[in-house]
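Okay, morning everyone, I'll keep this short. Let me put the structure up first, and then we'll walk through a few places in it.

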Amino acid sequence: MRIGYLVPEFPGQTHIFFWREICVLRKLGADVFLLSTRRPQMASRHAFGPEAQTETHYIFPPNFLMALLYLMRRPGLTLRMLLYIARLQDAGWISRLRLIGLMICAADLLILAKQENLGHIHGHSCANVAHLLAMADQAGDLPYSLTLHGDLPVYGGDHKFKFARARFIACVTFALQTQVWEACGMDKKRLPVIRMGVDVDAFRPGPVRAGQPNILRMITVARLAECKGHIYAIRALRQVLDQGLNATYTIVGDGEERPILEKEIVALKLEGHVRMVGTAGEHEVLELLHEADCFILPSVGFGEAAPVSVMEAMACQLPVIASIIGGTPEMIEPDVNGILVAQRDVPGLALAMLRLGADCDLRVVLAKAARQTAVTQFSAEHFATELHKAILAKG
């Protein structure tokens, strides 16, 4: 069976975990055909980017004339899509008009699926991509499945309709599995927990070096967005410096929050302690992780589920300080393989930094346990294999 693999705006800078999954699927013998909604606005810094973009088929813009003729010649198919849209409960009239426009893309996808002999499509989004796949399956019996990467409200509404005909919904955390079960009443057998993983052979501990008391090199790898909470780590850094800890903070990533963070760094007189690297490829990220003593992810709000950046840091044998959000309590056992703090808790972040800065033995204990957790629980090969099994069983 040829599998369509659909990711919005692929390949993006944060899409390395999709590429890992694709590579494992192909290693398992799957014939994977790459699909995406549209071309990414910014080029990926990762080595796989050019290759992935070359082989990806983009659904938008569709072949409008061919898709329209396809719909006109199949009034029953068109009616089934319109009925799907009409039955939605959460969509307003503007959303419904957009979905009517999306029918052209659904028709184009059905044409492509026949041309490319696609037997199943797996989508990595539960927003409009899920509507697109649901309409295509409703109209043309095109089997599909989805991965849910974050809290349901992030992906709009009408999830019962999006998920009704899906062969399964892979949830990246048990908390998300419970969300879907409660919201949609789906059998948990159709809601396997399948995370996005990390290549634990590539992301390994760096050269062994002795930790130094009262010196702490911290790092965050995340796009510069308000939801990632960088500003709280920056404010905590000011507090620990004032209490005598010799700390530095490397921020890897870029985004719309950069001017705000730069302004905060200047206001708190942290220019000599914060390094903003910008976007980086996988190899660069690995080198930067090997330079650090601990990893920080102070995310806030909705949308964070099982952060792959945390998995990568743990695989590199770094202790992690993370906010309690999404699936981080499933990933981190406090004072065993990392430290959890409440969201937006600047004093809590500062206390965690001070603990790791003062206690090198604690760093070693947490770091070793973090590596073991990554190897046993976050392997990309394991989870891609589970996804492949689910597709073959349900496709």
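The residues lining the largest cavity split into 5 nonpolar, 1 polar and 3 charged. One thing to keep in mind throughout: this is a predicted model.

How many cavities of 30 Å³ or more are there? The count comes to 1, and the volume of the largest cavity is about 30 Å³.

Okay, next up, helix α6, residues 128–140. With 13 residues at 1.5 Å a residue, α6 should span 18 Å, and its end C-alpha atoms do sit 18 Å apart, so that agrees.

Is α6 enclosed or open? Well, 10 of its 13 residues are buried, so α6 is largely enclosed by the rest of the structure. The cut-off here is under 20% relative accessible area for buried. The buried set in α6 runs Val-129, Ala-130, His-131, Leu-132, Leu-133, Ala-134, Met-135, Ala-136, Asp-137 and Ala-139. And what covers them? The cover includes the strands β1 (2–6), β4 (118–123) and β5 (144–148), plus the helices α4 (75–87), α5 (93–116) and α7 (159–163).

Asp-141 belongs to the loop between α6 and β5, and it counts as exposed because its relative accessibility is 52%.

There's another one of these over at Lys-269. It isn't a glycine either, and its phi is near 55°. Lys-269 is in the loop between α10 (258–267) and β9 (274–278), and with a relative accessible area of 64% it is exposed.

Last stop, the backbone at two prolines. Going from Phe-10 to Pro-11, the peptide bond is cis, with omega near 0°. Pro-11 sits in the loop between β1 and α1. Then Phe-60 and Pro-61 are also joined by a cis peptide bond, omega about 0°, with Pro-61 in the loop between β3 (57–58) and α3 (64–72).

Why bring these up? Because most residues other than glycine have a negative phi, and most peptide bonds are trans.

Terms used: Residues numbered from 1 in each chain as written. Predicted model: local features only at pLDDT ≥ 70, side-chain atom pairs only at ≥ 80, totals over all residues. Heavy atoms only, no water. 1 Å grid on protein atoms, 1.4 Å probe; cavity = no way out; pocket = protein on both sides within 12 Å on 5 of 7 lines; lining within 4 Å. Points joined across faces, edges and corners; volume = space filled by probe spheres on them. Nonpolar A, V, L, I, M, F, W, Y, C, P; charged D, E, K, R; others polar. Helix = DSSP H or I, 4+ residues; strand = E, 2+ residues; numbered from the N terminus. Expected span 1.5 Å × (residues − 1). Buried < 20%, exposed > 50% of the residue type's maximum accessible area, 1.4 Å probe, protein only. Contact = heavy atoms within 4.5 Å.
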